[in-house]
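This briefing describes the strands, helices, nonpolar cores and selected residues of one protein structure. Please consult the sequence and the model shown below while reading.

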Amino acid sequence: DPYRTFVDVAAQLDDRRLMWVGDWMVAQNLVDLWKLRQYVAESHLNGVQRARRVVNLIRPGVASPKESDVRWFLHRAGFPEPDINAEIFSDSGVWLARGDLVYREWKVVVEYDGWQHERDAKQRQWDIYRRESLEADGWRVIVITVADLDKPGTVITRVRQTLRQRGCPI
């Protein structure tokens, strides 16, 4: 059963990778997040302490393990909780985009762009138009790539500077 599996793998994985697993299980509809939290709270299996610590970090709507990585780094640095894969509308109500990690109050979007964003010409063109629309409406877009994940301190610094410029008390 997937609920038991989550606790079992908690004995083998570190917190960040366990969060990946939980985010993926929820995204694949293998588990209900509320039921997973309840199962972990009531369980006495090996690995349950880590599972209890991590289950509260799992979020619905996460699209990839790399998004989970970015969210993990920001969480560990004490950042406010972003909206995940949230719809973004202009001040006049026009749909602009769906953002990976959205700090709506400060109009900041943190996007993870995988290789497909560079290799696929149509995807790249869409990304350019999307960023231009967001920026024209006053949003700041921070793009994180796989190379950035090797330097989490740089990711944290970039996001912190932008949020501070936008008035976030971080």
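I88 stands opposite A97 in β2, and strand β1 (residues 83-89) pairs with β2 in the antiparallel sense over 6 bridges. The model is a predicted one, in which local features need pLDDT of at least 70 and side-chain atom pairs count only at pLDDT 80 or more, whereas totals for chains, interfaces and linings use all residues. Residues are numbered from 1 along each chain as its sequence is written, and side-chain values use heavy atoms, with hydrogens and water left out. Helices (H or I, at least four residues) and strands (E, at least two) are DSSP runs, numbered from the N terminus; two strands pair if DSSP finds at least two bridges between them.

**The sheet**

- An open sheet is formed by 4 strands in the order β1-β2-β3-β4, with mixed pairing.
- The edges are taken by β1 and β4 (140-144), each of which has a single partner strand, so one side of each is left without a neighbour in the sheet.
- From one strand to the next, the twist averages 45°, where axes are lines fitted to C-alpha atoms (for helices over the stretch in contact) and angles run from 0 to 180 degrees between N-to-C directions.
- β2 and β3 run antiparallel and are joined by 3 bridges; the bridge partner of Y103 in β3 is V108.
- Of the 9 residues of β2, 7 are buried, and the strand is thus described as mostly covered; buried means under 20% relative accessible area, exposed over 50%, and partly exposed in between (1.4 Å probe, protein chains only).

**Hairpins and positive phi angles**

- Most residues other than glycine have a negative phi.
- The hairpin of β1 and β2 has 5 residues between the strands, and G93 in its turn has a positive phi of about 95°.
- The hairpin of β2 and β3 has 4 residues between the strands, and K107 lies in this loop, between β2 (95-103) and β3 (108-112).
- K107 is not a glycine, yet has a positive phi of about 55°.
- N29, also not a glycine, has a positive phi of about 60°.
- N29 is found in the loop between α2 (15-27) and α3 and is exposed, with a relative accessible area of 68%.

**Helices against the sheet**

- Helix α7 lies across β1, β2, β3 and β4 and runs at about 85° to β2.
- Helix α8 (residues 152-165) lies across β2, β3 and β4 and runs at about 175° to β4.
- R131 is found in α7 (residues 121-136) and is buried, with a relative accessible area of 16%.
- Not counting residues up to four places away in sequence, R131 touches D113, V141 and V143, contact meaning heavy atoms within 4.5 Å.

**Nonpolar cores**

- In soluble globular proteins, nonpolar side chains tend to be buried together.
- A nonpolar core is a set of buried Ala, Val, Leu, Ile, Met, Phe, Trp, Tyr and Cys residues joined through side-chain atoms within 4.5 Å.
- The largest such core has 40 residues, and those with the most contacts inside it are F6, V110 and L163.
- Leaving aside neighbours within four places in sequence, F6 is in contact with L18, V21, G22, M25, L36, V40, A51, V55 and I58.
- A second, separate core of 9 residues includes A97, V102, V109 and W139.

**Aromatic pairs**

- A search of the whole structure finds 2 aromatic pairs; rings of Phe, Tyr and Trp (its six-membered ring) pair if their centres lie within 6.5 Å, and planes under 30 degrees apart count as stacked, over 60 as edge-to-face and the rest as tilted.
- The ring centres of Y3 and Y39 are 6.2 Å apart and their planes stand at 45°, so the pair is tilted.
- This pair links distant parts of the chain, with Y3 in helix α1 (residues 2-10) and Y39 in helix α3 (residues 33-42), 36 residues apart.
- Y3 is buried, with a relative accessible area of 16%, whereas Y39 counts as partly exposed at 27% relative accessibility.
- The ring centres of Y103 and W106 are 6.4 Å apart and their planes stand at 50°, so this pair is tilted.
- Both Y103 and W106 are buried.
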